[in-house]
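This report concerns an annotated site and the packing of helix pairs. The structure is shown below.

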Amino acid sequence: MKGVLLVNLGSPDSTDPKDVKKYLDEFLMDPRVIDVPFWFRSFLVRGIILNTRPKKSAEAYQKIWWDEGSPLIVISERLQKKIQEKTTVPVALAMRYGSMTLKKGLQQLVDQGVDEILTIPLYPQFAMATTETIDVKVEELKNEFFPQLEITSLPAFYNKPEYIEVLSKSISEKIKNLDYEHLLFSYHGVPERHIYKRDITKSHCKIDGSCCITPSPAHEFCYRHQCLKVTALVAKKLDLQPGTYSTSFQSRLGFDPWLKPPTDRTIERLALEGTKKMAIVTPAFVSDCLETLEEIAMEGQEIFHEAGGKEFTVIPCLNDRDDWAEVVTGWIDTWRIVDVKTAIA
């Protein structure tokens with residue numbers, strides 16, 4: 001019997017600093033999020049970050065928290081419910097971090113008689129700190145607790161026509177009657193070293209102006225290429241004119257080089273250069289969360305206005321749109337009948 005496990009990032013159980021600290025500890029101690037030796041990661045996270053950041057992060061979560069709970073959790077649950085209504089395959093939901101654990105999600109499917117599972121990381125692009133850490137953790141849990149299971153993972157879907165179609169439609173609906181001057185595609189940032197580490201050719205990735213647009217097997221696991229590709233495909237779909245859109249990367253952490261240009265500085269630059277009306281979309285996320293609702297919709301808007309901008313329009317993530325649920329259901333049903341490679345082909 002086949003079953004599906006949708007997986008998203010996760011969230012603290014509440015906005016209490018103690019819950020936020022517990023969540024941040026699990027998240028930041030993941031060696032694929034902060035990929036430095038354990039002793040240094042422990043010193044950095046538990047010796048420095050967790051002594052200052054939980055209170056600030058808790059205040060940020062308080063700004064965006066819904067009556068039903070964490071927006072990311074609530075939205076993911078709504079999506080899971082819609083997908084379950086559209087397919088006969090059991091569909092469970094889990095988070096990589098937090099109390100909605102991967103183990104609980106796998107167990108839920110096993111309890112329904114499932115012995116073959118498709119995991120769907122809810123990230124369009126591949127990255128060490130997202131898709132890879134999910135796949136690695138699922139494999140660890142399988143080996144330790146569920147050796148009878150056959151588990152496969154849906155590959156990154158950043159360039160799949162049906163995903164680009166839905167994403168483009170969601171953007172078009174928001175900007176079609178909007179007199180905007182610039183559309184910014186903001187993706188979550190990663191350290192540049194993550195790009196080099198996942199270059200399977202060991203030589204292609206240079207993070208320059210050419211490597212991401214030069215065909216290479218490295219692109220299968222290159223987060224930067226996949227982000228730029230989403231922007232290019234959507235721009236083509238919506239017939240965006242050169243100079244009216246650009247790409248940036250948000251959420252820097254630490255002092256190591258991260259992907260550029262940074263979103264906050266790009267927003268400020270656009271306003272200082274005279275842009276009065278801008279729109280922003282965040283295609284590294286499929287569910288609105290702290291990074292979109294607070295960092296972009298609140299902090300980003302404040303930066304824009306302080307630098308002279310007037311109108312700042314935030315385009316929602318795909319969330320639980322009916323057409324997005326249909327796309328994911330299509331992948332599931334194709335996998336159910338054939339296999340995962342065909343589902344995402």
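Histidine 188 belongs to strand β5, which covers residues 182-188. The model is predicted. According to the unreviewed UniProt entry, the feature "binding site" is placed at His188 and Glu291. These positions are spread over 104 residues of sequence, yet they cluster in space, with a largest C-alpha distance of 8.2 Å. From this set, Glu291 is part of the lining of the largest cavity.

Two packed helices are described by the angle between their axes and the distance between the axes. The table gives these values for two helix pairs.

| Helix pair | Angle | Axis distance |
|---|---|---|
| α5 (residues 102-110) and α6 (residues 128-145) | about 60° | 10 Å |
| α7 (residues 161-175) and α9 (residues 223-238) | roughly 65° | within 10 Å |

Helices α5 and α6 pack at an angle of about 60°. The angle makes α5 oblique to α6, and α5 passes α6 in a right-handed crossing. On the α5 side, Leu102, Lys103 and Leu106 meet Ile134, Lys137, Val138, Leu141 and Phe145 of α6. By class, this contact of α5 with α6 comprises six nonpolar and two charged residues, with no polar ones.

The crossing of α7 past α9 is right-handed. Helix α7 contributes Tyr163, Ile164, Glu165, Leu167, Ser168, Ile171 and Ser172 to the contact, while α9 contributes Val230, Leu233, Val234, Lys237 and Leu238. The contact of α7 with α9 divides into eight nonpolar, two polar and two charged residues.

Methods:
Residues are numbered from 1 along each chain as its sequence is written. This is a predicted model: local features need pLDDT of at least 70, side-chain atom pairs count only at pLDDT 80 or more; totals for chains, interfaces and linings use all residues. Side-chain values use heavy atoms; hydrogens and water are left out. Axes are lines fitted to C-alpha atoms, for helices over the stretch in contact, and angles run from 0 to 180 degrees between N-to-C directions. Helices (H or I, at least four residues) and strands (E, at least two) are DSSP runs, numbered from the N terminus. Angles under 35 degrees count as roughly parallel, over 145 as roughly antiparallel, 65 to 115 as roughly perpendicular and the rest as oblique. A crossing is left-handed if the near helix is turned anticlockwise from the far one by less than a right angle, and right-handed if clockwise. Contact means heavy atoms within 4.5 Å. Ala, Val, Leu, Ile, Met, Phe, Trp, Tyr, Cys and Pro count as nonpolar, Asp, Glu, Lys and Arg as charged, and the others, Gly among them, as polar. UniProt positions are given in the numbering used here, feature names are shortened, and annotations may be inferred rather than shown by experiment. On a 1 Å grid over the protein atoms alone, a cavity is a set of points where a 1.4 Å probe fits but cannot get out, and a pocket is an open set with protein on both sides within 12 Å along at least five of seven lines; lining residues have an atom within 4 Å of a point.
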